[in-house]
Amino acid sequence: MRRGRTIRNRPAEAGIALLISIFVLLLISVVAIALIVSSGTESALAGNYRSSTGVYYAAMAGLEEVRARLRPQGPISFKSTAPGFLPAAGVPLASCSPVYVINPVGGENVAPWDTTSTYGDTEFNQEFAGICGLPNPSPSTLSIWNRSPLNGLPFPGPLYKWVRINGASERSLKLDVDADSLADSNTPLYYDNINSRFSNDSTVGPQVLEITALAVLPNGSQKLVQYLVAAAPLTLPPSMFLAALTLSGRQGSDAVFQAPTTNAVYSVKGDNYNCNGNPAGLPAKAIGIYGPYQGVGNLQNAVNAVKGGIPTNVSGTNPQNNYTGSGPSTPDVEPLNPPFQTPSQLDAIVQTIIQNADIILPSGPVNYPLPTVTGSALTSLGMSSTNPLTVVVNGNLDISNWAHDGYGLLLVTGTFIYDPDTNWNGIVLVIGQGVVNNAQNGQYKQISGAMFVAQTRDASGNLLPNLGGASVTFNPNMQGNGMRYSSCWIQKAQPAGSYQILSFHEISSQ
């Protein structure tokens, strides 16, 4: 007997679970792959950002190093570490005569003046196309990272390769400075700090320099960045320049002033003069009394004491009429209004000037009794109307028979022995002992700008708790024309501080 087969019909959904499982697995795989790709993209973006940021800051490090080294007073200045690298003071750096700071790593060759080399400065020839070509070779010096002691560190410094320094001009910047509708001048540009503008006139302020830096990382990332910079003035308190001659004093320690008693032309004029000696601007006081006097009577006594040092009759003329300024009468001797700097505050100003001085005489620590520096020490400094300097004498200065002209800011912490055979154009500060006198009598020259005399220290060099009486006394027979207030020379003589950034931009890759 045959057994019959049982035929079963399978449901239509048979195998659907497998398909769903495969689909879900495929979906998970796609999501996983997308996450992996996304993660890789994020890593790549992060790596690119890290490289971009790193090369940017490496290039900026080059700009900032050079900006710091341009200050002649700094310990890493070019003046100290690379004498002769930049032109002498007062000589502009031409736009077509660039100099380079190079920063090789591991013995590599960095020669930016060779445009065919690995780090050639091809940007120069683009910027100066039609003006000049890149000199080959160009003057160069090593970065501070290639000098002792930094070159002994176990890690490299910023990975910039070179920094170029050159003068700027109308043609190089494609900028019409003189408003003639043409950016055609190759004359070095200067920065007028008063009016905050570029100029072709060398007398208005410091030269504008262009600084360009190239950085290259090991992965090949590159960055070119550029500054325009100019030396910024270190602005001194306006209260120090409210008169042609300012004298410190206080109750019980009045200022002393004695003009030459036989000189009918000696004068102290607050009438404002420009740098060419022509009348200009609002007048200042002729002589100002600077100090914390209490009571009208005490202040008037101080004013009368100064007036008493001005003769009333020399050969039939009244020299007191030579003391003119913003006051309604002559001689124009007036008290100055607060605020007044205390001895410690004035000393802080002195220290700031010393830190930013072009020259300090004598070098080294200050010792008492103070040494005496003669005028011959000033002769080789190269001062001129286009190169005013900040000169500090930590001691006494005797310019008897020097017979030269000075330009800029002169700070004397001891006694200033003046000679009327010298013109000084700028600012004269005698802060410390606060004494001015003379030994020689001949010639008729003058001080143009302003003189500020204040006693802040005793004979042993100790800082006084209160301002003492300044002393300006001249021999009866001293000649000389005296002092003329000039806001122009005061501005030009302000000591230079750091190099201010006038503009910044990134340059597309070479």
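Visitor: In which loop is the place of Pro-339?

Guide: This is a predicted model, and Pro-339 is joined to Pro-338 by a cis peptide bond with omega of about 10°. Most peptide bonds are trans. The place of Pro-339 is in the loop between strand S12 (333-335) and helix H6 (343-355).

Visitor: What is omega for the peptide bond from Leu-361 to Pro-362?

Guide: Pro-362 has its place in the loop between strand S13 (359-361) and strand S14 (372-374). The peptide bond from Leu-361 to Pro-362 is cis, and its omega is near -15°.

Visitor: Is Phe-23 buried or exposed?

Guide: Phe-23 lies in helix H1 (residues 16-69). It belongs to a nonpolar surface patch whose members include Ile-20, Val-24 and Leu-27, with about 870 Å² of accessible area together. Exposed means over 50% relative accessible area. Because its relative accessibility is 55%, Phe-23 counts as exposed.

Visitor: Which residue in S18 is the bridge partner of Leu-397?

Guide: Strand S16 (residues 396-398) and S18 run parallel and are joined by two bridges. From strand S18 (residues 415-418), Phe-416 and Tyr-418 point one way and Thr-415 and Ile-417 the other, all of them buried. The bridge partner of Leu-397 in S18 is Phe-416.

Visitor: Which residue of S20 does Ile-417 stand opposite?

Guide: S18 is also joined to strand S20 (residues 435-438), by four bridges, and the two run parallel. Within this pairing, Ile-417 stands opposite Asn-437.

Visitor: How many residues does the largest nonpolar core have?

Guide: Nonpolar side chains tend to be buried together in soluble globular proteins. Beyond its neighbours within four places in sequence, Phe-416 is in contact with residues including Leu-397, Val-428, Val-436 and Met-451. Phe-416 is among the residues with the most contacts inside the largest core, as are Leu-247, Phe-257, Val-268 and Leu-429; the residues of this core number 73.

Visitor: What is the phi of Asn-401?

Guide: Asn-401 lies in the loop between S16 and S17, and it is exposed because its relative accessible area is 54%. Most residues other than glycine have a negative phi. Asn-401 is not a glycine, yet its phi is positive, about 65°.

Visitor: Which residues is Ala-403 in contact with, leaving aside its neighbours within four places in sequence?

Guide: Ala-403 is found in the loop between S16 and strand S17 (406-412). With 44% relative accessibility, it counts as partly exposed. Its contacts, sequence neighbours within four places aside, are Asp-421 and Thr-422.

Technical notes. Residues are numbered from 1 along each chain as its sequence is written. This is a predicted model: local features need pLDDT of at least 70, side-chain atom pairs count only at pLDDT 80 or more; totals for chains, interfaces and linings use all residues. Side-chain values use heavy atoms; hydrogens and water are left out. Patches are made of residues with over 30% relative accessible area and no salt bridge: like charges are joined within 9 Å, nonpolar side chains (Val, Leu, Ile, Met, Phe, Trp, Tyr) within 5 Å. Accessible areas come from the Shrake-Rupley method with a 1.4 Å probe; for residues, only the protein chains shown count as cover. A salt bridge is a side-chain nitrogen of Lys or Arg within 4 Å of a carboxyl oxygen of Asp or Glu. Buried means under 20% relative accessible area, exposed over 50%, partly exposed in between (1.4 Å probe, protein chains only). Two strands pair if DSSP finds at least two bridges between them. A nonpolar core is a set of buried Ala, Val, Leu, Ile, Met, Phe, Trp, Tyr and Cys residues joined through side-chain atoms within 4.5 Å. Contact means heavy atoms within 4.5 Å.
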